[in-house]
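Here is a quick briefing to read with the structure open beside you. Take a look around first, then work through the points below.

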Amino acid sequence: YKFAVAEGISRIERLVDSAWVELEMSGDRTVTLEMKNGDFEVLRLPDGYDARQFVEPSENLAEGKAAWVTSSVYTFWEATKTSAAYLTDGTNANGHAWQARSDDKTPTVTVNVADSADRAQTVGRVEILPATCVSLANFPAAIEVSVSEDGIAWTTVASLEGLSAADGNPLTVTFDPTPARFVRLAMTQPGAALGDVQVFAK
């Protein structure tokens, strides 16, 4: 198979034995792969690209990343207005939100903020957007923010109480910049609802 590589793409990598290996690109900007029938290959483009178009890198380290929750009114894979999938899509508009179940007394949200090589990145600010499609009263009154590099050992960076989203504005949480692969929000409100979780270096 011969692939034509678009201008601006400096390299294409191939997954070989759990390691990324850069493919040789010819002078006419083509890459050749020899494959047997039924085989498949995993290729990787540089950061900031997808298979169709260039995507501007986002300062929001959580955007488009995986989010795990202790419960959800709807399951993760259903594209509904209270799905966990909407926690990291970069917006709380047009019904994009997540809501915990009413029987979940300690709902928790964990967001992946690792880079494309699964390495920790420096985080120092979290923006928590309210779920405007759900009652603003469902915004948690207390949130504990923790970070982790391995998903096992956690460090609490902020503990907030007496919170309200009555004005509909995001909650900004700042702390000393620290390396992390995961950011966790722990709440104590059954049925808590969030519109989006955004994580920044500073």
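Which residue forms a salt bridge with R119? That partner is D115, and the closest N and O atoms of the two are 2.8 Å apart. A salt bridge here means a side-chain nitrogen of Lys or Arg within 4 Å of a carboxyl oxygen of Asp or Glu.

Before going on, note that this is a predicted model, where local features need pLDDT of at least 70, side-chain atom pairs count only at pLDDT 80 or more, and totals for chains, interfaces and linings use all residues. Residues are numbered from 1 along each chain as its sequence is written, and side-chain values use heavy atoms, with hydrogens and water left out.

**The big picture**

- You'll find 15 strands and zero helices in this protein; both are DSSP runs numbered from the N terminus, with at least two residues (E) for a strand and at least four (H or I) for a helix.
- The protein has 202 residues, and 39% of them count as buried. Buried means under 20% relative accessible area, exposed means over 50%, and partly exposed is in between (1.4 Å probe, protein chains only).
- Take the contacts between residues at least 6 apart in sequence: 71% of them join residues at least 24 apart. A contact means heavy atoms within 4.5 Å.

**Salt bridges**

- Searching the whole structure turns up seven salt bridges.
- One of them pairs R44 with E13, whose closest N and O atoms are 2.8 Å apart. R44 sits in strand β5 (residues 43-44) and E13 in strand β2 (residues 13-16), so this pair ties together parts that are 31 residues apart in sequence.
- R44 is partly exposed at 22% relative accessible area, while E13 counts as buried at 12%.
- Another bridge links D103 to R101, with 3.0 Å between the closest N and O atoms. Here D103 is exposed at 53%, and R101 is partly exposed at 40%.
- Through shared partners, salt bridges join R11, E13 and R44 into one network.

**The nonpolar cores**

- In soluble globular proteins, nonpolar side chains tend to be buried together.
- The largest nonpolar core has 31 residues, and V126, I128, I143, L185 and L194 touch the most other members. Such a core is a set of buried Ala, Val, Leu, Ile, Met, Phe, Trp, Tyr and Cys residues joined through side-chain atoms within 4.5 Å.
- Elements giving two or more residues to this core include β8 (108-112), β9 (121-129) and β12 (171-180). β12 gives the most, with four residues.
- Leaving aside neighbours within four places in sequence, I128 is in contact with residues including F139, I143, L185 and L194.
- A second, separate core has six residues, among them V5, L23, V31 and L33.

- D17 isn't a glycine, yet it has a positive phi of about 50°. D17 is in the loop between β2 and β3 and is exposed, with a relative accessible area of 75%.
- R29 isn't a glycine either, and its phi is positive at about 60°. Look for R29 in the loop between β3 and β4 (30-32).
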